[in-house]
Amino acid sequence: MHPRFTHRFKALRDGFAMDRELDAEVRFHIEMETEKYVRQGMDPAAARTKALRNFGPMEKHKEEVRETRGVSWLEHLTQDLKYGVRTLIKSPGFALLAIVTLGLGIGANTAIFSVINGVLLKPLPYDNGDRLVLIQQTAPLINRPNFGVSINELYDYRAQLASFEGIVEFHQMNFDLLRRGEPDRVATGVVSPNFFDALGIKPILGRAFVDTDDDEGAPAVLILTHAYWQTKFGGDRGIIGQVFQMNDRPHTVVGVLPPVPQYPNEVDLYMPTSACPFRAAAERQLAQNRRPFLVQVFGLLKRGASPATAAAEVATVAAHFKRDYPDVYRPALGFHAQTANVLEQLTARARELLLILLGTTGLVLLIACANVANLALARMLRRDRELAMRSALGAGRGRLVRQLLTESLVLAVAGGAFGLLFAWSTVDMLTKFVERFTSRTGEIDIDPGVLVFTLLVSVVTGVLFGTFPALASRIDVANALKSGGKGTSNTAGRHRLQSALIIAQVAVSVVLLVGAGLLLVSLYRLQSVDPGFKPERVMSAEVFGNFTKYPDALATRTLYLPSARTTRTRFRRYLGGGDECRAAERASARPDAIPDSRPHLRHAGCQADGRCARRQHEVLRDARHPASSRALVHRARS
């Protein structure tokens, strides 16, 4: 180690012992000088006085010696900290109010940053997260930002893209899982057998899917997500090998995933594509229909392949689609394909919201700083005599400024500790709110990075609000001592600072209030939006059918309610989003209200280009059921 650092380390470690040695040495020299004068015939008291006068200011000489150690700044800081703490203890009301005010501002920023750190800043917890891209197809001319990828297109991408190590698919279905005789509606991710290998996710129990799981006629297998395994099975490690019924087939659990964020949707379990009845049925229609079934497609880039090259390849393959199938990819669609970073897509809905919240909490912290700065300026009026006395005893303005900044830092650090407790108590609430926008909430935590952020914010906050009292520390010593500390010195300057702080507080508060007011107005207007129907007379119900027994999307039998004027069946709820618009509607009046009338159903099926074709369905009373059941059936009508 360098001798200079060794010397400084020794000075820090043995500072008190070195001070005792310094005092003993000074006393020795004074005694020797006193004895010299006594031998010359002087009185001992007069001899000591003359010896002290010859040596000059002892404390100044001691400070000069301490300066040579290279650690005097730390000693001064320690002294300032001790004095600052004692001063704040003497003003408990001011200290408590300042700590709570700063703590709320720092805590809000810490809580928001902990969410941003877990959602936006941390890399994906997948081994291959940096090489994952999403292949997106869009048709902007018909307002279809997500055009989906068909099975045929998926196979073409696999055959023609050279920059990708693997290309996998995903789509979600909802099925009934029968476990121990109890049905459970589960969100099921239907994926390629190498889906988890592409993401770099290894099950914590059991195994991942293998290629043979996707063979036609292979035994159906399932992989449970960590959350579903914990919630429904209590983390039972004996779950591997258990068999459940789904779609009238036995399904065996072969694995459990670790607690990682799921993309693109949160699901309960996963199955291979061959086990999905809809996906298997679409596979048999590939020759007749270019786009019979739509999925989401992910690509794993080869090591060293650039995202720009991969995007160019995807765009080229999409251009070939338009050239080879002009009747499917018509110019009126504006069809094209692109790639997107998975991390950006996973957090796209939450990013803007979180940044707005961070900016808002930053403004709140500024208001807190201005409040505490005003309190400190007001407190300065009672400290004029103290500061004047210290200045008269030799303390320079720089020394006073340093002392005031140290007190501010003590307050800010204490506020940061309180803010950390506040953030810890609110981060769970924020996490539940952010879960609506992204599945990347499992990594939100008060980790060391958040602690460093809190410390930095506390220090910056202390400097920010402590600067104003420090700037107002110029003291007219004579006037301050004469006035008895009643604050007559530099009053005009402090009033100007206080006025500026009040103006800044009002300005920032107005910005926040205007923003909050606009948000409330927007929410009110959203509540007042006309949905296109009269919701006060509309009732909806969701029915979960067995897809193996009712293969048609529209149920072959619809219950008829005597009190209902119109009934309608849809794949998706009204205003529920999504591109699917197929529906069945009994649009006429009740059959018993108009003699000899027969209600009919309209069926609107969305085509690949977004157009809806309609066909009429005639609805007849089912003669096999009594009239009281009001059971209806429908059949195609030319």
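## Before we start

Residue numbers begin at 1 in each chain and follow the sequence as written. Because the model is predicted, local features need pLDDT of at least 70 and side-chain atom pairs count only at pLDDT 80 or more, while totals for chains, interfaces and linings use all residues; side-chain values rest on heavy atoms, without hydrogens and water.

Helices (H or I, at least four residues) and strands (E, at least two) are DSSP runs, numbered from the N terminus. Two strands pair if DSSP finds at least two bridges between them.

## Strands around β8

Let's begin with strand β8, residues 249-256. Strand β7 (residues 243-246) pairs with β8 in the antiparallel sense over four bridges, with Met 246 opposite Arg 249. β7 and β8 form a hairpin with two residues between them, and Asn 247 in that turn has a positive phi of about 55°.

Strand β6 (residues 220-224) runs parallel to β8, with five bridges; here Val 221 faces Thr 252. Strand β5 (residues 205-206) pairs with β8 in the antiparallel sense over two bridges, and Gly 206 stands opposite Gly 255.

## Strands around β3

Now follow β7 across to strand β3: two bridges join them, and they run antiparallel. Met 246 turns up again here, as the bridge partner of Leu 177.

Strand β3 covers residues 164-179 and pairs with strand β10 (residues 294-301) in the antiparallel sense over six bridges. One of the facing pairs is Val 168 with Phe 298. Ten bridges join β3 to strand β4 (residues 182-191), again antiparallel, and His 171 has Val 190 as its partner in β4.

## A pair of helices

Two packed helices are described by the angle between their axes and the distance between the axes. Axes are lines fitted to C-alpha atoms, for helices over the stretch in contact, and angles run from 0 to 180 degrees between N-to-C directions. For helix α6 (residues 92-121) and helix α13 (residues 348-380), the axes come within 9 Å and cross at roughly 165°. That is why α6 is roughly antiparallel to α13 (under 35 degrees counts as roughly parallel, over 145 as roughly antiparallel, 65 to 115 as roughly perpendicular and the rest as oblique).

The contact of α6 with α13 has 20 nonpolar, six polar and two charged residues. In this scheme Ala, Val, Leu, Ile, Met, Phe, Trp, Tyr, Cys and Pro count as nonpolar, Asp, Glu, Lys and Arg as charged, and the others, Gly among them, as polar.

On a 1 Å grid over the protein atoms alone, a cavity is a set of points where a 1.4 Å probe fits but cannot get out, and a pocket is an open set with protein on both sides within 12 Å along at least five of seven lines; lining residues have an atom within 4 Å of a point. Grid points are joined across faces, edges and corners, and a volume is the space filled by probe spheres set on the points. There are three cavities of 30 Å³ or more. The second largest cavity has a volume of about 50 Å³, and its lining has ten nonpolar residues, one polar and no charged. Helix α8 (residues 195-199) gives the largest share of that lining, three residues.

The second largest pocket holds about 670 Å³ of space. Of its 27 lining residues, the closest to the centre are Tyr 263, Pro 264, Asn 265, Gln 345 and Arg 349. Tyr 263 also lines the second largest cavity. β1 gives the most to the pocket lining, with four residues.
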